[in-house]
Amino acid sequence: QVQLVESGGGLVQAGGSLRLSCAASGRTFGSSTMGWFRQAPGKEREFVAAIRWSDTYYTDSVKGRFTISKDNAKNTVYLQMNSLKPEDTAVYYCAAVPRGSYYDTEYEYWGQGTQVTVSS
């Protein structure tokens, strides 16, 4: 059984940093695309970042502030979030193996999500 488990969320002041982790089990994702998405209250789930091998992709609003990385030995993907803003507040989800484009929400596997709250 494949599981993705996120951790690292929490409450932080604007301008602060958090690092999210997504630990995978049940299969390895070394050659697969993995992504981070977020969903704010009353909004649709949106793409944040993705990584495949050494290629990384970001939505415009987080470029220069967020960094996605992957440790294949640990089967874990990370999202380092710096210079956080109140508008970054959302539940953040880890996902693996897209069925289509990396920025679409059609992924095979999803984590349960972790709450990130940025206070002003």
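Reply: We may. Setting aside residues within four places in sequence, T33 is in contact with A50, I51, R52, A95, A96, V97, P98, Y102 and Y107. Please keep in mind throughout that this is a predicted model.

Me: Where is T33 found, and is T33 buried or exposed?

Reply: T33 is found in the loop between β3 and β4. Its relative accessible area is 11%, and the cut-off for buried is under 20%, so T33 counts as buried.

Me: How should I read a nonpolar core, and which residues have the most contacts inside the largest one?

Reply: The general idea is that in soluble globular proteins nonpolar side chains tend to be buried together. Here the largest nonpolar core has 28 residues, and M34, W36, L79, M81 and Y92 have the most contacts inside it. At least two residues of this core come from each of β3 (18-25), β4 (34-39), β5 (46-52), β7 (66-71), β8 (76-81), β9 (90-98) and β11 (114-119).

Me: Which strand gives the most to this core?

Reply: That strand is β9, with five residues. Another core, of five residues, lies apart from the largest one; F47, A50, A95 and Y107 are among its members.

Me: With which residues is M81 in contact, leaving aside its neighbours within four places in sequence?

Reply: M81 is in contact with G16, S17, L18, L20, R65, F66, Y92 and V116. Of these, Y92 is listed with M81 among the residues with the most contacts inside the largest core. Please remember R65 as well, for it returns when we discuss charged groups.

Me: How many bridges join β1 to β3?

Reply: Five bridges join these antiparallel strands. As one example, V5 has A23 in β3 as its bridge partner. Strand β1 also contains Q3, which touches A23, A24 and S25 when residues up to four places away in sequence are not counted.

Me: Is Q3 buried, partly exposed or exposed, and how far apart are Q3 and G113 in space?

Reply: Q3 counts as partly exposed, at 42% relative accessibility. From C-alpha to C-alpha, Q3 and G113 are 12 Å apart in space, while 110 residues separate them in sequence.

Me: How should I approach disulfides, and how many does a search of the whole structure find?

Reply: One asks which cysteines are joined, how the link is turned, and what parts of the chain it connects. The search finds one disulfide. It is formed by C22 and C94, whose sulfur atoms are 2.1 Å apart. The link is left-handed, with -75 degrees about the S-S bond. It joins distant parts of the chain, since C22 is in strand β3 and C94 in strand β9, 72 residues apart.

Me: Are C22 and C94 buried or exposed?

Reply: C22 is buried, with a relative accessible area of 0%. C94 likewise counts as buried, at 0% relative accessibility.

Me: Finally, how are salt bridges read, and which residues are linked in a network of them?

Reply: One takes each pair in turn and then looks for shared partners. The count comes to six salt bridges, and R38, E46, R65 and D88 are linked in a network. The closest N and O atoms are 2.7 Å apart for E46 with R38, 3.0 Å apart for D88 with R38, and 2.8 Å apart for R65 with D88.

Me: Which parts of the chain does the pair of D88 and R38 tie together?

Reply: D88 lies in the loop between β8 and β9 and R38 in strand β4, so the pair ties together parts 50 residues apart in sequence. R65, in the loop between β6 (55-58) and β7, is 23 residues from D88.

How values were computed:
Residues are numbered from 1 along each chain as its sequence is written. This is a predicted model: local features need pLDDT of at least 70, side-chain atom pairs count only at pLDDT 80 or more; totals for chains, interfaces and linings use all residues. Side-chain values use heavy atoms; hydrogens and water are left out. A nonpolar core is a set of buried Ala, Val, Leu, Ile, Met, Phe, Trp, Tyr and Cys residues joined through side-chain atoms within 4.5 Å. Buried means under 20% relative accessible area, exposed over 50%, partly exposed in between (1.4 Å probe, protein chains only). Helices (H or I, at least four residues) and strands (E, at least two) are DSSP runs, numbered from the N terminus. Contact means heavy atoms within 4.5 Å. Two strands pair if DSSP finds at least two bridges between them. A disulfide is a pair of cysteine sulfur atoms within 2.5 Å. A salt bridge is a side-chain nitrogen of Lys or Arg within 4 Å of a carboxyl oxygen of Asp or Glu.
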